[in-house]
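Here are some notes for a colleague who is about to look at this structure for the first time. Please keep the sequence and the model side by side while reading.

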Amino acid sequence: MEPILAVLVGILIAVSIYMMMSGSFVRIVLGILVLSNAANLLIFTAGRLTRDVPPIIPGDKKTLAAAANSLPQALILTAIVISFSLFAFILVLAFRSYREMGTVETAEMRIAEPHASPPDGDEIGAADWREGRRP
Amino acid sequence: MNIYLEWLVVLPLALPLIGAGLCVAAWGRPGVHKAITAVTMLALAADVIALFLLVWDNGPVTMTMGDWVPPFGITFIADVFSAGLVAAATFMAAVCLAFAAFTVDEEAMIRGFFPLFLALMAGVCGSFLTGDIFNLYVWFEVILIASIGLLIIDCTREQIDGAIKYTILSLIATTVFLVATGLLYGIAGTLNMADLALSLEGRGGEPLVFGVALLYLMAFGMKAAVFPLFFWLPASYHTGHPVVSAIFAALLTKVGVYVLIRVYTLIFPDVVGMDTVFLWLAAATMLSGAIGALAQSDLRRLIAFLVVSGIGYMLLGLAIGPQAMAGSILYLLHSMVVTAALFMGAGLARRMVGASWLRGRGIYRHAPFFSVLVLAVALSMAGSPPFGGLWPKVMLVDAGLAADAPVAVTAVLLAGFLSLVALGRAFALAFWADSGDERSAAHQIIAGPPVAAVAPFAVLVVTTALMGLWPAPFVTYAKRAADSAFDTAPYIAAVASDGPTMRGEPPPPVPNGDGPKGYGNAKKKAQAPDMSETLIARNP
């Protein structure tokens with residue numbers, strides 16, 4: 001079972017990297033989603049895979065050898081909650097940026113890093129400052 | 001020693017979280033937010049001072065959640081290194097909040113500036129103090145979500161564009177961190193950092209350990225803006241409100257550097273070849289940041305590139321060893337103060353003339369006192385006496401010469417020179433020059449910035465001047481912190497005994513700086529008690 005899941009994790013990571021190299025912001029976001037799922041599956045595999053073995057320590061033993069480790073599953077739960085909420089946030093951010101900039105192509109999103117200086121003039125409300133209002 | 005003293009370790013993250021929660025309860029009322037934030041910061045300041053003094057005298061203090069025995073419970077631990085950084089972060093946050101009170105507008109406060117700021121502080125303190133690598137991932141995500149909120153607080157197009165780049169690259173970094181942590185758990189079967197150190201001792205040559213170490217380097221290197229993974233920083237940091245840029249520059253990349261130092265001295269000390277990797281990464285980061293700064297025509301982006309350049313100096317400690325580490329840690333403290341001050345100065349100047357492009361607007365003629373303060377910060381950043389930037393560079397060059405590392409010495413000196421050129425050019429063009437072109441309305445400057453907003457900026461200038469004129473306490477701290485980073489035995493012993501302060505056992509010996517230290521200090525580690533014995537003893 002482990003080799004199958006390991007290969008699956010590899011395929012998912014390859015898919016996510018391919019999508020993140022795209023020029024479209026939406027594909028990059030989906031690529032991150034696939035990557036975080038690959039990470040969760042990887043942690044799941046690292047915690048041993050067993051079927052039908054309850055995680056109960058027998059009375060004459062001190063450790064649990066055969067059953068799956070439950071800690072990685074707790075880690076995955078934490079990671080899923082975090083990535084889910086961040087993904088929801090980033091979708092809102094993506095929608096807002098599409099409305100502000102009118103594009104989802106990363107090559108056209110150059111407002112924070114313009115290629116040249118803008119023409120002379122007020123970028124922000126310097127007039128407010130001069131007139132004593134809060135900037 | 002008092003059993004309640006160990007609470008000092010968790011209060012730096014609990015207090016800001018409580019404050020943020022109270023602010024959310026009083027949503028949309030900036031006056032209440034200000035009061036809550038002020039009280040929280042006062043309590044936090046008292047706590048971090050007490051914590052620092054305690055750790056300075058008695059060695060590491062730990063607290064394990066739910067009284068589970070390590071390595072099962074999540075451990076929080078403060079040693080001299082992390083306690084000092086928490087204190088410095090609190091100081092910077094207090095100064096930035098004072099600056100924010102006079103520059104952030106009412107609308108941004110209603111949108112939740114203060115709760116986001118407090119959540120950011122909780123994340124930063126949590127990252128500094130946690131002793132559990134998965135818990136560190138959680139604090140990174142807390143920092144991430146709070147910092148995105150702060151970055152887009154004014155909702156301008158520029159900020160949204162910057163926030164997208166920041167968010168995407170940070171998410172990739174934290175996901176790589178998660179992948180590395182999953183693999184590490186598969187190798188070592190534990191997440192407690194002290195226990196990981198014991199478990200991986202002498203396994204630095206294994207290919208899997210090497211691979212995980214490189215994955216961590218990628219994840220934390222992205223957080224810390226190390227070459228070649230720094231491009232998100234100059235794309236986003238400058239877009240924020242000046243106070244947001246200032247607190248990001250002061251805290252966020254420094255968290256990445258702290259974690260790099262902590263993980264590579266504690267968990268992966270004997271991975272082969274990492275010091276060479278760090279040497280070249282440090283040199284490339286220093287030089288590419290400084291050269292990038294030379295090419296900028298926007299004052300804020302120029303500072304963002306200088307922030308990147310500064311990260312290189314902080315990595316030299318991992319490349320050369322304990323002596324350089326003291327210089328790196330001193331540089332880290334200095335960089336916290338100076339990069340934040342530069343962003344504040346640039347923000348004030350931008351508010352005065354309406355843009356931060358390097359064009360003669362004669363700010364010096366209209367606000368000479370303010371301009372001289374900016375010049376002082378710029379000189380400090382470039383490492384010129386009598387300001388605080390001088391001493392870390394002296395220590396780094398000294399350590400580089402002693403360790404026979406010509407690459408490090410050349411990079412430090414060349415990057416310092418290029419920074420001086422970049423900052424000199426920026427000051428001459430943005431502050432000194434006066435184009436005399438009266439045609440544009442934006443050219444006119446009626447008055448300098450308000451005194452109340454300059455005061456916190458001036459506090460930072462005084463701090464860096466103090467670090468230059470009276471460096472002894474800062475150098476002493478940096479040396480103790482470097483020892484604490486490399487000599488991991490007291491750290492591990494403190495976690496293993498679940499806190500010397502709790503069970504009345506004698507505290508571990510304070511590191512005194514003698515004897516050989518460096519990677520693979522196996523002899524000292526061997527003295528640390530074995531965690532498995534502790535477990536058996538306490539779990540009958």
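The numbered points below go through confidence, the fold of one chain, the contact between the chains and a single residue.

1. This is a predicted model, in which local features need pLDDT of at least 70 and side-chain atom pairs count only at pLDDT 80 or more, while totals for chains, interfaces and linings use all residues. Residues are numbered from 1 along each chain as its sequence is written, chains are lettered from A and ligands numbered from 1 in the order in which they are written, and side-chain values use heavy atoms, with hydrogens and water left out.

2. The predictor assigns the complex an ipTM of 0.85 and a pTM of 0.88. Within chain B, helix α5 (residues 113-129) has the highest confidence, at 95, and helix α22 (residues 522-526) has the lowest, at a mean of 37.

3. Of its 540 residues, 66% count as buried, where buried means under 20% relative accessible area, with a 1.4 Å probe and protein chains only.

4. Contact here means heavy atoms within 4.5 Å, and by that rule the meeting of the two chains takes 59 residues from chain B and 46 residues from chain A. The area buried between them (accessible area, 1.4 Å probe, lost on being put together and summed over both) is about 4600 Å², with carbon and sulfur atoms giving 69%. Between chain B and chain A there is one residue pair in polar contact, both at pLDDT 80 or more; such a contact is a pair of N or O atoms within 3.5 Å, where within protein one must be able to donate a hydrogen and the other to accept it, and residues adjacent in sequence count only if both atoms are side-chain atoms.

5. On the side of chain B that touches chain A, α7(B) gives the most, with 19 residues.

6. Where does H33(B) lie? H33(B) is in helix α2 (residues 30-58) of chain B, and H33(B) is buried, at a relative accessible area of 0%. Beyond its neighbours within four places in sequence, H33(B) is in contact with several residues, including W27(B), M109(B) and F114(B).

Definitions and conventions. Buried area is the accessible area (1.4 Å probe) that two parts lose on being put together, summed over both. Helices (H or I, at least four residues) and strands (E, at least two) are DSSP runs, numbered from the N terminus. pLDDT is the predictor's confidence in each residue, from 0 to 100. Buried means under 20% relative accessible area, exposed over 50%, partly exposed in between (1.4 Å probe, protein chains only).
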